[in-house]
Amino acid sequence: MTSTLSDIAAEWGIDLTAAEREDYRTLVEEMESALSAVESMSPPRFETLHGSPDRHGGRDGATQPGADRDPYNAWLRRCRIDGTSGGPLDGYTLGIKDNIAVADIPCTSGSRALERFEPEIDATVVGRLLDAGATVLGKTNMDAFAMGDAGELQDYGPTVNPSNDDMLAGGSSSGSAAAVAAGDCDAAIGTDQAGSVRTPAAWCGVVGCKPTYGLVPYTGIFGMDFGFDHVGVISQTVRDAGRVLNVIAGEDRQNGCRLDPRQPRSVTPDNYVAASNRDVTEKTVGVLKEGFDWPQSEPPVDETIRKAIDRLEKSGVEVVSVSVPDHRLAPSLVGVTAAIGAAITYRQGGVGTTTPGWHWTDGRVAFEGALDDFPGALSPAVVASLLFARQCWKTTGWSGYARAKNRVLALSREYDEKLTRCDALVLPTSPTTAVEHDSDADRVKRVERLSTIPVNTGVFNQTGHPAMSVPCGVVDGLPVGLQLVGRRFDESTLFQLAAAVEADFDGAAAL
């Protein structure tokens, strides 16, 4: 053993006598023989459960685009992987966030610490997209390890907002949103742990859909916390988001094996494109009072959202006011659970442990190696979270995490109660428009934004409710996103209402 048995025991607060050390040494050595046996086994390859990525060619031509081909720094790799012809997404182009595995294409999770890792698999969502005929055009830029909300805590440089070159695109799915907004691709896949699909969608003026927790499988993706990891869609239109969600939603079960433990056993997707065509007459939305007028809120943003709600009411939707006072607790709840949950997951190789389902061993090895071998390459947000989590463990254990999660349960019931009387809640996606890129900003300012931007988005990762950001207006030339939040697994109603918001917005109404 690298450490002595006494040292290992001391880490657990156990003081061993000399006799106990010898006894436990014998027992541990016997247990290690089981580990040796497992290490010598040939585990079933992912493709035996899920199909080989070799059926989709084009893996050898990935390149790093220069500024002439990528003026917004949205892409880390460009390629062309053509899907199966004749599928529902035939001719449809997509970008893939760089914490999502695409076989034989580097998967950095936005960090230089992982830049040499090339997955041997396609993540489930990537395989489904290719099988449906989509063409993957590359891997998109992101905040390192998905920890960031502005698109600036990025090892490969900040992502510029296509609406204004001085502004940031939002994060952590920054490149996905910028690529769609710039017209580089029809849609993109992102991940969302506190608003990382919805915030950049709102800032870039595109649609961002975070489905219900578990509706879309997370298999083959580096995560932050098993309790609030989500895969989402960023697209030009609501209908486009529906086309993609139709393909990637559903239980990840192959040959009788359930691969993603995040998913409930019965996940039944709807037809979200069809839902976007349904009439909204007699639908009811609840305007969440506490989603407005945050200390950091920009009044023109709130006013733009309220004008969009007025237009929605004129289209036949009933509008009521609802109040969930504890919504204001969201920044503290998300701050504690996200930091501690991420620290635990990172130490588990970014893919978690102690769960059923398929475990991404190659991804785990690469992630653990990155943390061990390149600690100096970690972004300030990651370092701050790891230090905070360790401090929590030393002072109170994980009781703060447990208390926060229990409070989330109570808050979730409050939203559920309002959703018994409303078809959806409505509030600003972000309290501000896109923020300016300040190359001189210090690490404190950049990390502090983590608690000020996702005040209306992060809590719905914790509760698992589906949420969508839809463009609804412009303030000083910058897009504003309206967020709709619905009942779990009732994405169809969100698509129905989102399409109405989209139809009422002419893209020119500016304050």
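## A walk through the predicted model

Let's start at T237, which sits in the loop between β8 (230-235) and α7 (238-248). Labels like these come from DSSP runs, numbered from the N terminus: a helix is H or I over at least four residues, a strand is E over at least two. What you have here is a predicted model, in which local features need pLDDT of at least 70 and side-chain atom pairs count only at pLDDT 80 or more, while totals for chains, interfaces and linings use all residues. Residues are numbered from 1 along each chain as its sequence is written, and side-chain values use heavy atoms, with hydrogens and water left out.

Back to T237. Its relative accessible area is 27%, so T237 is partly exposed; on this scale buried means under 20%, exposed means over 50%, and partly exposed is in between, using a 1.4 Å probe and protein chains only. Setting aside neighbours within four places in sequence, T237 is in contact with V207 and E502, where contact means heavy atoms within 4.5 Å. T237 and A187 lie 50 residues apart in sequence, and their C-alpha atoms are 8.9 Å apart in space.

Of the 11 residues of α7, 8 are buried, so the helix is largely enclosed by the rest of the structure. The buried ones are V238, D240, A241, G242, V244, L245, V247 and I248. Just after α7 comes G250, with a positive phi of about 120 degrees.

Just past the helix, G183 takes a positive phi of about 80 degrees. On the way in, look at the loop between β5 (164-168) and α5, where S172 has its place. The peptide bond leading from G171 to S172 is cis, with omega near 5 degrees.

Is W75 buried or exposed? With 2% relative accessibility, W75 counts as buried. Apart from neighbours within four places in sequence, its contacts are P65, D70, G95, L137, G138, K139, T140, N141, A179, D184 and C185. F292, on the other hand, is 217 residues away from W75 in sequence and 34 Å away in space, C-alpha to C-alpha.

Next, a pair of helices. How do α10 (residues 330-347) and α12 (residues 380-396) pack? They meet at an angle of about 95 degrees, with their axes 8 Å apart. The axes are lines fitted to C-alpha atoms, for helices over the stretch in contact, and the angles run from 0 to 180 degrees between N-to-C directions. That makes α10 roughly perpendicular to α12, given that 65 to 115 degrees counts as roughly perpendicular, under 35 as roughly parallel, over 145 as roughly antiparallel and the rest as oblique. On the α10 side the contact is made by G335, V336, A339, I340, A343 and Y346, and on the α12 side by V382, S385, L386, F388, A389 and C392. Sorted by class, that makes 10 nonpolar, 2 polar and no charged residues. Here Ala, Val, Leu, Ile, Met, Phe, Trp, Tyr, Cys and Pro count as nonpolar, Asp, Glu, Lys and Arg as charged, and the others, Gly among them, as polar.

C392 brings us to the cysteines. C392 is buried, with a relative accessible area of 12%, and C422 is buried as well, at 2%. The closest cysteine sulfur to that of C422 is in C472, 19 Å away and too far for a bond. Taking a disulfide as a pair of cysteine sulfur atoms within 2.5 Å, the count comes to 0.

E282, between α8 (272-275) and β11 (284-288), has a phi near 75 degrees, a positive value in a residue other than glycine. E282 is exposed, at 73% relative accessibility. F489, between β15 (478-485) and α16 (491-504), also isn't a glycine, yet has a positive phi of about 65 degrees. At 41% relative accessibility, F489 is partly exposed.

Finally, confidence. The chain's mean pLDDT is 90, and 95% of its residues reach 70 or more; pLDDT is the predictor's confidence in each residue, from 0 to 100. Over residues 507-511 the pLDDT is below 50, and this stretch has 11 contacts in the model beyond near neighbours in sequence. Where pLDDT is low, the predicted coordinates should not be read in detail.
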